[in-house]
Amino acid sequence: MSVELDVFVGNTTIMDEEVYQFWLDGYTVNDAVKVRMEGGVLEECEASAEVLRSDTMDQYRTFQMCERLLHSPAKLANQLLFQIPPHRQAMLIERYYTFDGVFVREVLGKKLSKGTKKDLDDVSAKTGVTLKSCRRQFDNFKRVFKVVEELKGPLVENIRQHFLLSDKLARDYAAIVFFANNRFETGKKKLHYLTFQDFAFCAGQLIIVHCNHSRVLMRPALIGKEFLQDLKELKILITDKDLLDQHKSLVCTALRGKTKAFNEMEANFKNLSRGLVNIAAKLTNTKDVRDFFIDLVEKFIEPCRSDKWTAGDMRLYLTHYTNSAHILDTFKHQVVWDRYMGVIKSCILKMYHD
Amino acid sequence: MPGKLKAKIVAGRHLPVMDRASDLTDAFVEVKFGNTTFKTDVFPKSLNPQWNSEWFKFEVDDEDLQDEPLQITVLDHDTYSANDAIGKVYIDIDPLLSCEAATVISGWLPIYDTIHGIRGEINVLVKVDLFNDLNRFRQSSCGVKFFCTTSIPRCYRVALVHGFVEELVVNEDPEYQWIDRIRTPRASNEARQRLISLMSGELQRKIGLKVLEMGGNAVVGYLQCFDLEGESGLVVRAIGTACTLDKLSPGTAPNTTTHTNTHTLPNTAPTSNACNSPSKDSKEPVFSEDPPHSLSGPPTPLRTLPSSSPPPFSPSKPCSRQSSSSDTDLSLTPRIGMGSGGSVGKEAGPLKTLLRQHTQSALEQREFPIFTLTCFPPGFLVHVGGVVSTRSVKLLDRIHNPDEPETRDAWWEEIRQEIKSHAKALGCHAVVGYSESTSICEEVCILSASGTAAMLNPRFMREGCLDTGGSDHRLSRQPHPGMVGSERGEGEVSSTWLGFEDASPPSCGFVHIPYDEFNMPFPAQLTYCYHCRRQKVPDVLFTTIDLPAEAEVTGKGCLIQARLCRTKKKAQGEVNATSISNLLPFMEYELHTQLMNKLKLRSMNALFGLRIQISVGENMLLGLASATGVYLSALPAPGGIQIAGKTPSDLSYDQHISTMQKRIDDTIAKNKELYNIHPPKLFTLDPEAFTGLNTECIEEVVGSPIPDRQRSSRLFRSTSESSDELSELDLSHGKKDAFVLEIDDTDAVEDIQSLLTDAPIPAGFYSCNTEVMPGIHNWTSGLQMFTSVRVYRLSNANLTNQGLNKIFTDLCENLLKSLYFKLRSMIPCCLCHLNFTVAVPEEELIQVAVTAVAMSFDKETQQAADKALTRGSGENEEQLQFSMELCGESTISNNQPTAKPSGVPESAMVHSSRAPSVDYGSFADRCSTWLELLRLKAHTIRRGSVKTISSSERCSPLPEGRSRSLRSTRSLPCGAPVTVVKMTPLSFLPGTRIVKYLGIINMFFIRETTSLREEGGVSGFLHSFIAEVFAMVRAHVAALGGNALVSYSMKECVFMENPNKNQAQCLINVSGDAVIFIRESDQEAIPPLLTSRQTSSTGADGTT
């Protein structure tokens, strides 16, 4: 005797959050049943493995049928096929768009193309995330990218409204889209210590808050047309010898006695300053933008780390470094400087950890 | 031209991509009614077209309005080739034809294609202008209301019950016409859908005409079925109960208060019992014809057969008329009634003739005194005899002339006559809870009909009973299920006040035997009623109806199923039909034995909602009997089951038997505990001891956590009557009536094994197949209707009967287990109206479909409510004899303490506010208006007190629940895209009040696929189809303006597959009543009466 057909349809669609997670994680029905059995649902409800299997199959089928709707979450609310209470809808969407940190770290900054998708099995092997789940997450990134690419207005808000995501998740997606668009290099070995959340934070700092079109919007904030020239002007801080010395002495005066790493700071000042200002200049070249993070690490973070600066040292240094530039009487680009350093400072502080 | 139908096509959304090149669609719409077609403009390149068309007007006969559906076809415009159809929407205009139902159909309806399923939605507006046609010879019956609900719809009152209406139309099945060979599957499916839609329209119109002829205005318990007879055609048939219903406007309740005020008699007290009311006593002589003494227990000793079981070979069984002249009418009608068995069709004798004469006259002119209702106004049902059922095996032949469906008509006529005569044999003049069904396999068709023989109160049927005026009002509303205690009073109120000679005490009257004690139609063991002790009752009662509201039940009920599989040889034609008809009586007998055993095992004594389905396949017959077992307090306690061995000499054998006996005894004990069956021991010789016991019991009731309030009220009664009634007590009932199972062969061992292997229900669950579970009152609004379908393939072709039985039993058990598991989040919950349908779609397949509703209830408040009611009723009994005002106060004070403690555990729960409202709601939904007034008062006072007593409570449960419900009602204007539509197979939604019936929903869909694998195999295919059917039903209900579908049923679910060809096809027929409901909690805010009273009552509250 075999069960040829087995369906259960409720007027209100029944969805088990646990099973949903298994489905999202790309478990097969058999695996899911195994895990559920170990989880002890059986004893709780006096059910048999057969019952559990039937239930799991049923749920998987429901999720598969729902998946089409989850691709455009707004549809979920006004479709008629499934009667799902609003809070359950929100849960379904949020979970569907939630991604694994390890996975996203692998594809962050990569082009969301077919080629990348083909390599997902490697990513899957490396991260331990099932291929099915990898594909879903990758497709989610791609889908969000495609939609917001065409939209005007603020990026995060667009994502949130279009995909009905929570604010946090919408911000993360904005970061992913932003990285993909600018193809930031994140895969180098030196960058491995950075988590997705580090990058997401930096992306948040870099994204322009408002703009006319998101094609522009998805460029780093500092590349607005009006800044292109100004950023280049910052170079004066390192090219003009007087200005550089003056800047150094101002910073050193302010720092003296306040930190143990003072000597290293003093010794490295010129190198570090050159590093930061060069990054700014480089940002004007679209091609070099993708090296932003690697530059930041190589030119600034690594030297400091080898000198054993603490996070407090870093904060102190950057604050004074930024503020001292205002006192330089020949330096005219205060506004750009502040804006640039504001972003860079928070990025560095976020990235400065082991 | 008596009608103008207007339709407007507003917009579409989520349309499928029809043009691959542009990924868009150029959609337009054809609107067709009859032979007239209108078209909208093409809305180019959009998946969300906005047509905003003009009003398309069709001027048509009302006859056509009733028959035809409005057909809306959405197409994709194609310049060079033929336009592609995207899908269709059929709209049944019927709800718009009754002024009391819906006025407009407006909303998003799914566009359906039989191959692709739902493909987007369309927003339409449909209206009807109807001109009155008073032509006497008209063919239309506009305005007759149809209800699937098998009780008097809430918000109506019944003025008259006219009786049985039936109709049947036949046609050729398009699928079997020659043209089907050359047309596409889509065209063939659509032809079928359209034809069935037309046929049901026609059927409804014809039934409507019959109703108008009878002078009625509505059909209640409308049951429409399709017989897909294959080659021989398509039959659509319907039965129902014609009634005259009056609408209760929402405002009438307070008004009638004054009206009913005038007759607040002492005996209108809710708990005043029948036996001690003086008015009752005066009527006693009617029954004193009963011999004052009885043979104390029939002398029949131990029986192997249950008393009311049919002897399998009844001598009176009509012989199969195997007329060799025509093979079309090969009929064999084994007369099988759960209690009709040995009848010789004799009139019941001189007893009770008085009563009979009353009703006989009312019923005699009727051809079939048959009612499809299963739930009745209090007092309607006088006595219940037992189940009557008939089956007949027929050979199908082609229907030659669709306009003269005489053969099929004659078949059913024959069956109904049979049913009628069975009922007569039981001393009953009517059949209630009646239903008909068929099972078809190839050219063999089993026609089945079953019902419950009953004696009815003729008052509801006689013309001119309306002059009693407002009193009838009471009959109008369905008593709230479970409100047994006070319901009883209600029934009595109407009977006494009307001056109608009510036959017996209402609460137990229906179990009293209607037949003649000395001339019993079958061997039965009679005892005096355990409730009134005046009348005889059988030891077991089987019925097809719902538990009457006035019935007193001890403990809870449960679903009881008997399952049976019988193999048969493959055969053709007459031989096949003969072998089937030979098998039927054995199956019925065995099912009955199983039911009886399982009933005893649960220590219950009555079955309600019994439904026996026998399905025929090519090489087997399946039998499934489902019912809800309960312990009726008025019937004797069932004895245990005793096992007797055949060869008592063998020691090991003896041991085996004794272990088995022990297991059975243990199970019985466990079940008693599980279902809370602790009938009070009423049989004490000494009156003093009796009263002593009484008080003891009362104390226990008050103190125990789960008091059975019915019991307590009964105890009050027994005190009052104890002194003089005792002599009449039947004391002969000891343990001796144990049910003996003789193990003399392997079959019996099998039976016992299967008896014991029924898996216990998981904790927190209850199940029943009736409307509600006796013993559970505090329903929350948590509700989940579902359908589950399973198909099993029997891998082994040559299975024995036992093997098959085992498989079939496991199948049902596993299905139930799955349901429990799925619904575990709703615990504590009850699966109500569990409806199993079995079929044998192919040689080695068994299909089981279940539809039911899971309803959760509150455990905590249940006890509180029970307590409140026991106390409340106790005090009411005394106080209600004074003025109304006073008793109102007393109820309130009684209930107040319960409102408070119940509020505490509530705050932890989500749907908390329902708790008090439900316990009040149950109070409220009862019939009489003065109680309504009480409720209103009580409500205000209670609410007032909540505010004054503890301010902290204000922020916890109540506002939360209220805002929730407010949101739900407001959802439409707020722009929430989809209205939530609840669906339930029950006739009500707990915690709510149905304010309007919008019309009947009766939809038929076909879905076919040629890419079965791609759609997820058979399960994927059926899963999405059922989901689509639900979606379409919900959309149509919402378009009518409704927010729920009650009395939902899936009548047909025919699934066919051909995996080799990657094909499958499924037909589904669903029906129900679209309604608008409001939450009880919302409703209480409505009457202005309330606010005015609030001030005064809060003052009163302060003093109490």
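Predicted model: local features only at pLDDT ≥ 70, side-chain atom pairs only at ≥ 80, totals over all residues.
Residues are numbered from 1 along each chain as its sequence is written, chains are lettered from A and ligands numbered from 1 in the order in which they are written, and side-chain values use heavy atoms, leaving out hydrogens and water.

**Chain B overall**

- Chain B has 24 helices and 31 strands; these are DSSP runs numbered from the N terminus, with helices (H or I) of at least four residues and strands (E) of at least two.
- Of the contacts in chain B with a separation of 6 or more, 80% come from residues 24 or more positions apart; contact means heavy atoms within 4.5 Å.
- Chain B exposes about 39200 Å², and carbon and sulfur atoms supply 54% of that area, as given by the Shrake-Rupley method with a 1.4 Å probe, where for residues only the protein chains shown count as cover.

**Nonpolar cores**

- A nonpolar core is a set of buried Ala, Val, Leu, Ile, Met, Phe, Trp, Tyr and Cys residues joined through side-chain atoms within 4.5 Å.
- The largest one has 248 residues, and A:Tyr317, B:Leu70, B:Ile93 and B:Leu632 touch the most other members.
- Helix α22 (residues 1017–1039) of chain B gives the most to this core, with 14 residues.
- Another core, of 66 residues, lies apart from it, and its members include B:Val393, B:Cys558, B:Met620 and B:Met826.
- Leaving aside residues up to four places away in sequence, the contacts of B:Leu70 include B:Phe33, B:Phe58, B:Ile93 and B:Val126.

- B:Ala1039 is found in helix α22 of chain B and is buried, with a relative accessible area of 5%.
- The C-alpha atoms of B:Ala1039 and B:Gly107 are separated by 4.6 Å, although the two residues are 932 residues apart along the chain.
- B:Ala1039 also touches B:Val104, B:Ile105, B:Ser106 and B:Leu109, among residues beyond four places away in sequence.
- Strand β7 (residues 105–113) of chain B is mostly covered, with 7 of its 9 residues buried.
- A hairpin through 3 residues joins β7(B) to β8(B), and these antiparallel strands share 8 bridges; two strands pair if DSSP finds at least two bridges between them.
- B:Trp108 has B:Asn123 as its bridge partner in β8(B).

**Two open sheets of chain B**

- One open sheet of 4 strands has the order β18-β20-β21-β19 with mixed pairing.
- Its edges are β18 (541–542) and β19 (553–567), each with a single partner strand, so one side of each has no neighbour in the sheet.
- β19(B) pairs with β21 (residues 620–632) in the antiparallel sense over 12 bridges, and there B:Cys558 is the bridge partner of B:Gly629.
- The other open sheet, also mixed, has 4 strands in the order β28-β30-β31-β29.
- β28(B) and strand β30 (residues 1044–1058) run parallel and are joined by 2 bridges, with B:Lys982 opposite B:Ala1044.

**A loop residue**

- B:Ile179 lies in the loop between β10 (156–171) and α2 (185–214) of chain B, and is partly exposed, with a relative accessible area of 30%.

Terms used. Buried < 20%, exposed > 50% of the residue type's maximum accessible area, 1.4 Å probe, protein only.
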